[in-house]
Amino acid sequence: QVQLVESGGGLVQTGGSRRLSCVASGIMFSAYSWAWFRHCPGKQRELVASITIGGSTTYADSVMRRFTISRDNAKNTVYLQMNSLKPDDTAVYYCNAGFTRGGTYSSKDYWGQGTQVTVSS
């Protein structure tokens, strides 16, 4: 079955950096777009960044020019490099497989367990 395993979360100070990884198995990694979502208690899940099969990327306004999504098809891994972190970035981060059509990302129901990122002020 499909398994997505996120890692790289932790506690970081404001202005710091963190790199999240998501390793996928049981899925044809290269055939999907991939995305990172985040969720904070009391808020809706937010699409943070996505990357298409061809490597085109999109970002939420809140993380533009601070976060970078990338993929390594040979390693079945999608990454999220997070720089200049702010307390508002505190959340559980999830990777997700999906499709991109007309520039819009649509998620499939493939989710990992998430990794907690906490940014201290």
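Strands (E, at least two residues) and helices (H or I, at least four) are DSSP runs, numbered from the N terminus. In these close-ups of a predicted model, local features need pLDDT of at least 70 and side-chain atom pairs count only at pLDDT 80 or more, while totals for chains, interfaces and linings use all residues. Residues are numbered from 1 along each chain as its sequence is written, and side-chain values use heavy atoms, with hydrogens and water left out.

**View A. Arg 66 sits in the loop between E6 and E7.**
Leaving aside residues up to four places away in sequence, Arg 66 touches Gln 81, Met 82, Asn 83, Ser 84, Leu 85, Lys 86 and Asp 89 (contact here is heavy atoms within 4.5 Å). With Asp 89 there's also a side-chain polar contact of 2.8 Å (N or O atoms within 3.5 Å, one able to donate a hydrogen and the other to accept it, with sequence neighbours counted only if both atoms are side-chain atoms).

**View B. Asp 89 has salt bridges to Arg 66 and to Arg 38.**
A salt bridge puts a side-chain nitrogen of Lys or Arg within 4 Å of a carboxyl oxygen of Asp or Glu, and the count comes to three. Asp 89 and Arg 66 meet at 2.8 Å, N to O. Asp 89 is in the loop between E8 and E9 and Arg 66 in the loop between strand E6 (57–59) and E7, so this pair ties together parts 23 residues apart in sequence. The Arg 38 to Asp 89 bridge comes in at 2.9 Å, N to O, and links distant parts of the chain: Arg 38 belongs to strand E4, 51 residues away from Asp 89.

**View C. Arg 38 also meets Glu 46 in a salt bridge.**
Here the N to O distance is 2.8 Å. Arg 38 is buried at 6% relative accessibility, whereas Glu 46 is partly exposed at 27%. Step back to take in Arg 66 as well, and shared partners join Arg 38, Glu 46, Arg 66 and Asp 89 into one salt-bridge network.

**View D. An open sheet of four strands runs E1-E3-E8-E7.**
The pairing is antiparallel (two strands pair if DSSP finds at least two bridges between them). At the edges are strand E1 (3–7) and E7, each pairing on one side only. From one strand to the next, the twist averages 15° (axes are lines fitted to C-alpha atoms, and angles run from 0 to 180 degrees between N-to-C directions). E3 and E8 are joined by six bridges, and Arg 18 has Met 82 of E8 as its bridge partner.

**View E. The largest nonpolar core holds 28 residues.**
A core like this is a set of buried Ala, Val, Leu, Ile, Met, Phe, Trp, Tyr and Cys residues joined through side-chain atoms within 4.5 Å. Trp 34, Trp 36, Phe 67, Val 78, Leu 80, Met 82 and Tyr 93 touch the most other members. Among the elements giving two or more residues are strand E4 (33–39), strand E8 (77–82) and strand E9 (91–101). E9 gives the most, with four residues.

Conventions: Buried < 20%, exposed > 50% of the residue type's maximum accessible area, 1.4 Å probe, protein only.
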